[in-house]
Amino acid sequence: MHAVILAGGKGVRLRPYTTTLPKPLMPIGDKHAILEIVLEQLAGLGFLSVTLAINHLGPLIRAFAGDGGRWGLSVDYIEEDRPLSTVGPLFGLKDRLPEEFLVMNGDVLTDLDYADLLQRHELSGCGLTVAIAERTHRVEYGVLDVEASRIVGFREKPDLRYQVSMGVYGMSRRTLAPYPPGLSFGFDQLVLDLLARGENPATYPFTGFWLDIGRPEDYDEANRSFERIKPRLLREREGEPV
């Protein structure tokens, strides 16, 4: 099993932290970086190889991850000479990727079973499978239902529930075929393209722990929660505590 980790973003929302550290190397807890946790999880689930797509402060990520040997992984790199958004880096990898593979953002902290996601993707027959989680938003106003200039319903401060992408995907290599290397392209554009072609992506609903460490409040929450959730994120290796 192979995974591509998108680790080239500038982490603008986490500045000033990310002026000196790339987001995937931000520390969680006393001694772990986000990227370290992800690589440990992938290795524990049977993944053998990882490609890191890097740009911003890329040499620091290379120095940290190396060839992946410390996790029992084979790690290689693709380095953008300019930002290619969230899916563009994959277009230059088409000849190096297996038929089915995992893609994920480098700032995701979750106990999702990546191997099960990839297996479910392979069985779906779809070109893209999106891991999704439910989020709830409390509306701080009374919401009116209006038809023909008349109020036909009223809800006082309702909770809105919606499904969001977790930034973790199962992908088939054929999905990348229409796009040339070097094209800056986002996952939002890819999903819209697939929908326009009638190739609707599959979903992988998830109800476990998930944080996207892209905002200061989420980063702070990850650190507050880490000791409690660490046993779910990191399995103890023989002779070595998590």
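Asn105 sits in strand β6, residues 100-105 (helices, H or I with at least four residues, and strands, E with at least two, are DSSP runs numbered from the N terminus). The model is a predicted one, where local features need pLDDT of at least 70, side-chain atom pairs count only at pLDDT 80 or more, and totals for chains, interfaces and linings use all residues. Residues are numbered from 1 along each chain as its sequence is written, and side-chain values use heavy atoms, with hydrogens and water left out.

With 18% relative accessibility, Asn105 counts as buried (under 20% relative accessible area, with exposed over 50% and partly exposed in between; 1.4 Å probe, protein chains only). Neighbours within four places in sequence aside, Asn105 touches Ile5, Leu6 and Gly167, contact being heavy atoms within 4.5 Å.

Now to the rings. There are 5 aromatic pairs in the structure (Phe, Tyr or Trp rings, the six-membered one for Trp, with centres within 6.5 Å; planes under 30 degrees apart are stacked, over 60 edge-to-face, the rest tilted). One of them is the tilted pair of Phe91 and Phe185, 5.9 Å centre to centre with 50° between the planes. Phe91 belongs to helix α3 (88-91) and Phe185 to the loop between β11 (159-172) and α5 (187-196), so this pair ties together parts 94 residues apart in sequence. Both Phe91 and Phe185 are buried. Tyr179 and Phe185 have ring centres 4.8 Å apart and planes at 40°, so that pair is tilted. Tyr179 is buried too, and Phe91, Tyr179 and Phe185 make up one aromatic cluster.

Elsewhere, Arg70 lies over the face of Phe64, 5.1 Å from the ring centre; the cut-offs here are NZ of Lys or CZ of Arg within 6 Å of the ring centre and within 35 degrees of the ring normal.
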